[in-house]
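Hi,

Here is the structure I promised to pass on. Have a look at it, and then read on for what turned up.

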Amino acid sequence: MTLLEQAREHLDALSLRYAAQHMERVLEKARQEDWAFLQTLNSLLQEERTGRFDKARERRLKRACFAYKATIDDFDFSFQSSITKKQMKQLLELSWLESAYNVMFLGPPGVGKTHLATALGLAAIDAGYKVLFVHMEELIRLLKTEEISTKSRNKLKRMYKSDLVIIDEIGFLPVNRSEANLIFGVVNDFYDQTSLILTSNKGLIEWGEFMGDPVITSAMLDRLMHKCEIFEMDGESYRLKHRKRILKD
C-alpha cells in the first residue's frame, strides 16, 4: 500500500470522506503552487467542511418539502409594487429568526406570496436553519391523523423541530371549529419560540369568518401579530398576466 493510499484510508477511517475524495487534487495543487504544509492541511480540511455543509444543506432542503424553488432575484418587483426589494433584502438577513418574529404575506392569488415565502425559506436553508413548508390543507390533515398515522406523526415532529415553518394558502378552504382549535394549538406552541411565515388570500379581518370561530381566531392572531411583519399585497395575478398560451395570434 502506497503512502497516498494509507493517508486516504486514515481519512476514511476518521469519517473524513470528503477530504479523502479531494486529497489527490489538493496535493497536486499544493505541489504546483508550492504551498506550505499548513496551507495544504487547511485546504484539505476546508474540502471536508464544505462537503459536510453541502450534504447537510441537501438534507435540510429535502426535508423542507418546498413546492418549488424560488429566489428574490427571480421576483418581479416592478410588477408587484406592494413590497420593495430593499424590504426583502432586510428580511434575507434572517436576524428575525433568532427573535422568533413572524412574517405574513396577504393578498389575492398570483401576486407572489408563495414565491417570497419560499425565497425566504431557501435563504434560511442556506444559512443552516431547519425549515418546513406545508400547505394549510395538508397541515390540518396531518394534525387530524397524527394519532393513527406514523407518516403524519413523523412530519409533525419535523415541523416542531424546525427553526422556521411556512404555512401556505391559508383561507383557500373553510375551516371548522375543531380544525381551528388544532391550528390554534400549533400557533400557541410556536408562539415566541419559532418563526412562522404565513401566506393567505384573505385579509386579517376575514379570518374569523373562514376559521369558523371568531374567538379562537382572535386568540390566534393575537399571538401571531405580537412580533410580526405584515405585507398586504395587491394587484393582478402575475400568472394570468404572463400566462402561456397554446394558440398564437
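Before the aromatic part, a quick word on terms: two rings of Phe, Tyr or Trp count as a pair if their centres lie within 6.5 Å. Also keep in mind that this is a predicted model.

With that rule, the structure holds five aromatic pairs. One of them joins Phe75 and Phe77, with 4.8 Å from centre to centre and 70 degrees between the planes, which makes the pair edge-to-face. Phe75 counts as buried because its relative accessibility is 11%, and Phe77 is buried too, at 16%.

Another pair is Tyr160 with Phe190: the ring centres are 5.3 Å apart and the planes sit at 50 degrees, so this one is tilted. It links distant parts of the chain, since Tyr160 is in helix 8 and Phe190 is in helix 9 (residues 177-190), 30 residues apart.

Now the charges. Side chains of opposite charge can pair when their charged atoms come close, and here the count comes to 10 salt bridges.

- Glu24 and Arg8 meet with N and O 2.4 Å apart. Glu24 lies in helix 2 (residues 17-33) and Arg8 in helix 1 (residues 3-13), so the bridge ties together parts that are 16 residues apart in sequence. Glu24 is partly exposed, at 47%, and Arg8 is partly exposed as well, at 23%.
- Glu28 and Arg31 have their closest N and O atoms 2.5 Å apart. Both are in helix 2, and because they are three residues apart, about one helical turn separates them. Glu28 is partly exposed, at 33%, whereas Arg31 is exposed, at 57%.
- Lys155 and Glu138 meet at 2.6 Å, N to O. Lys155 is in helix 8 and Glu138 in helix 7 (residues 136-144), 17 residues apart. Lys155 counts as buried, with a relative accessible area of 13%. Salt bridges with shared partners also join Glu138, Arg141 and Lys155 into one network.

Last, the surface. Which residues form the positive patch? They are Arg17, Lys55, Arg59, Lys62, Arg63, Lys130, Lys157 and Lys161. Helix 3 (residues 37-64) gives the largest share, four residues. Lys161 sits in the loop between helix 8 (150-160) and strand 3 (164-170), and it counts as exposed because its relative accessibility is 60%.

Best wishes

Technical notes
Residues numbered from 1 in each chain as written. Predicted model: local features only at pLDDT ≥ 70, side-chain atom pairs only at ≥ 80, totals over all residues. Heavy atoms only, no water. Patch = residues over 30% accessible without salt bridge, like charges linked within 9 Å, V, L, I, M, F, W, Y side chains within 5 Å. Areas by Shrake-Rupley, 256 points an atom, 1.4 Å probe, with all protein chains shown as cover. Salt bridge = Lys/Arg side-chain N within 4 Å of Asp/Glu carboxyl O. Lys, Arg positive; Asp, Glu negative; His and termini not counted. Charge placed at Lys NZ, Arg CZ, Asp CG, Glu CD. Helix = DSSP H or I, 4+ residues; strand = E, 2+ residues; numbered from the N terminus. Buried < 20%, exposed > 50% of the residue type's maximum accessible area, 1.4 Å probe, protein only. Phe/Tyr/Trp six-rings, centres within 6.5 Å; stacked < 30°, edge-to-face > 60°.
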